[in-house]
Amino acid sequence: MLDRSARTLAALAVAAGVGCSEASEEARPPAAAPAPAAAASLPDDLPHGLLLALSTFDKGADGKPVPRSELMVLTRRGGAWQARSYGDAESNVFHKAFVWAPPGREPGVVTLGGSAAAVKLWRKGASGLAPVETLWQADFGGKWSRMRDGEIGDLDGDGSSDLAIATHDQGVVAVLRVGSDGKPEVTELDRKPDTFVHEVELGDLDGDGALEIYATPSEPNRLDGTPQHGEVVRYRPREPGSRAVVADLGFRHAKEILAGDVDGDGRDELYVSVEAAEGGAVEIRRYEGNTDPKAGSAIASLYDPMARFLTAGDVDGDGKKELVVAGKDSGLWLLRPGVDPKSAWRAEQIDAQSKGFEHAALLADLDGDGVDELYVASDDDKEVRRYAWDGQRLAREVIHRRSAPEPVLTWNLAPVPVSLVE
């Protein structure tokens with residue numbers, strides 16, 4: 001199976017370090033920041049840009065933050081990066097944006113919104129991007145209704161792509177298909193009150209050729225340090241009632257997972273970012289299809305409360321994939337598997353001066369040179385950054401700097417063909 005970023009770029013084409021430490025010890029960042037990248041090495045125009053799903057926060061009359069949805073498009077034209085933004089009055093947050101070609105339709109941009117919880121298809125028009133179709137909208141009956149995450153894949157084996165969607169706050173995991181009549185159809189796989197599902201992933205860990213759905217249900221967020229039970233569950237969408245726990249995390253929990261063949265053995269693995277207990281460290285654990293739910297291999301331990309983005313790709317052009325971890329406070333880390341991928345991976349600091357609550361990151365080859373670049377939203381700095389391999393390290397370049405004074409939270413980054421947005 002291709003990893004997520006490679007699968008995405010392949011679908012789009014059809015549609016249109018400083019120091020290192022062993023993972024057995026907690027990795028701590030050095031003070032140095034990476035050298036700037038040479039912008040001149042980039043072509044003046046790139047065929048792909050970036051989608052960013054954002055929340056910005058105004059101040060309400062009571063002084064409390066009021067969220068506002070924003071869909072940002074970054075493209076490179078004439079040697080400069082250009083940004084355009086769009087909103088949706090029905091949803092005060094976009095949790096994700098990506099490109100999808102629903103069966104029988106041309107590709108477009110999909111947003112997953114919250115309050116109202118809506119999956120919308122956008123297309124370009126005279127004034128830029130605008131929503132043209134609501135594929136699914138729901139009130140799940142809890143305090144919040146949010147479409148939180150989604151992934152694209154053929155989930156029923158009919159050769160066409162579907163969406164696996166995770167939601168707040170009634171624990172709904174669902175599959176969105178487009179039927180033979182052209183109408184969207186939703187099948188709920190799971191529902192549990194007062195449950196947040198932050199992340200959904202697709203992978204074939206058992207090697208049977210059919211995609212499984214992996215999700216991260218958890219209790220509502222607690223900020224008082226009270227322990228929360230955590231787990232990762234699996235669904236086989238062609239088998240009703242197939243829900244199974246594949247990672248039992250005890251009183252820790254995960255809000256970020258990644259499925260894909262990162263170690264190059266021809267079989268997908270599951271990587272789980274296990275958030276730190278009080279005063280501890282975040283762990284990256286690896287699971288195979290037959291791993292005991294309580295026996296995942298810890299491949300890295302970072303001195304950070306959480307890391308909510310994992311992304312995989314080939315950053316240096318050696319034909320082998322690496323894993324990038326975006327920590328909340330400790331910055332960006334590059335993990336390289338060794339001879340035994342179940343043992344500790346080598347951890348190299350990419351950039352200690354990159355931070356954000358979500359700290360959205362993406363490995364993707366937007367310039368088409370065969371090597372993945374790293375794109376990161378350092379929200380604490382209000383910057384979007386590009387890191388490219390310079391022969392020795394991932395060198396940093398700022399491609400967008402936000403001038404607006406209000407806080408910003410970037411939920412995801414995704415590649416987009418320029419032809420779909422300009």
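Mentor: The chain's accessible surface comes to about 16700 Å², and 49% of it belongs to carbon and sulfur atoms. Such areas come from the Shrake-Rupley method with a 1.4 Å probe, and for residues only the protein chains shown count as cover. The model is predicted, so local features need pLDDT of at least 70 and side-chain atom pairs count only at pLDDT 80 or more, while totals for chains, interfaces and linings use all residues. Residues are numbered from 1 along each chain as its sequence is written, and side-chain values use heavy atoms, with hydrogens and water left out.

Start with the inventory. The chain has 1 helix and 29 strands. Both are DSSP runs, numbered from the N terminus: helices are H or I with at least four residues, strands are E with at least two. Of the 422 residues, 55% are buried. Buried means under 20% relative accessible area, exposed over 50%, and partly exposed in between, with a 1.4 Å probe and protein chains only.

Strands of a sheet pair through backbone hydrogen bonds, either parallel or antiparallel. Here two strands pair if DSSP finds at least two bridges between them. Take the open sheet of 4 strands in the order S13-S14-S15-S16, where the pairing is antiparallel. Its edges are strand S13 (196-203) and strand S16 (244-248); each has a single partner strand, so one side of each is left without a neighbour in the sheet. On average, neighbouring strands here are turned by 25° against each other, direction ignored. Axes are lines fitted to C-alpha atoms, for helices over the stretch in contact, and angles run from 0 to 180 degrees between N-to-C directions.

Look inside that sheet. Strand S14 (residues 212-218) and strand S15 (residues 231-235) run antiparallel and are joined by 3 bridges. Alanine 215 stands opposite valine 233 in S15.

Move on to another sheet. This open sheet also has 4 strands, with antiparallel pairing in the order S17-S18-S19-S20. S17 and strand S20 (297-302) are the edge strands, and each pairs on one side only. Neighbours in this sheet are turned by 20° against each other on average, direction ignored.

How many residues of strand S17 are buried? The count is 7 of the 7 residues (254-260), so S17 is largely enclosed by the rest of the structure. S17 runs antiparallel to strand S18 (residues 269-274), and 6 bridges join them. S18 in turn has 5 bridges to strand S19 (residues 282-287), again antiparallel. Follow serine 273 across. Glutamate 256 stands opposite serine 273 in S18. In S19, the bridge partner of serine 273 is isoleucine 284.

Serine 115 lies in the loop between S6 and S7. A cis peptide bond joins serine 115 to alanine 116, with omega about 15°. Serine 115 has a positive phi of about 50°, although it is not a glycine. This serine 115 is partly exposed, at 34% relative accessible area. Another cis peptide bond links histidine 168 and aspartate 169, with omega about -15°. Aspartate 169 is in the loop between strand S10 (162-168) and strand S11 (173-178).

Now the rings. The whole structure holds 4 aromatic pairs. Among them, phenylalanine 94 and tryptophan 122 are edge-to-face, 5.9 Å centre to centre with 80° between the planes. They link distant parts of the chain, strand S5 (residues 93-100) and strand S7, 28 residues apart. Both phenylalanine 94 and tryptophan 122 are buried. Tryptophan 136 and phenylalanine 140 form an edge-to-face pair too, at 5.8 Å and 80°. Tryptophan 136 is buried at 11% relative accessible area, and phenylalanine 140 is buried at 5%. Rings of Phe, Tyr and Trp (its six-membered ring) pair if their centres lie within 6.5 Å; planes under 30 degrees apart count as stacked, over 60 as edge-to-face, the rest as tilted.
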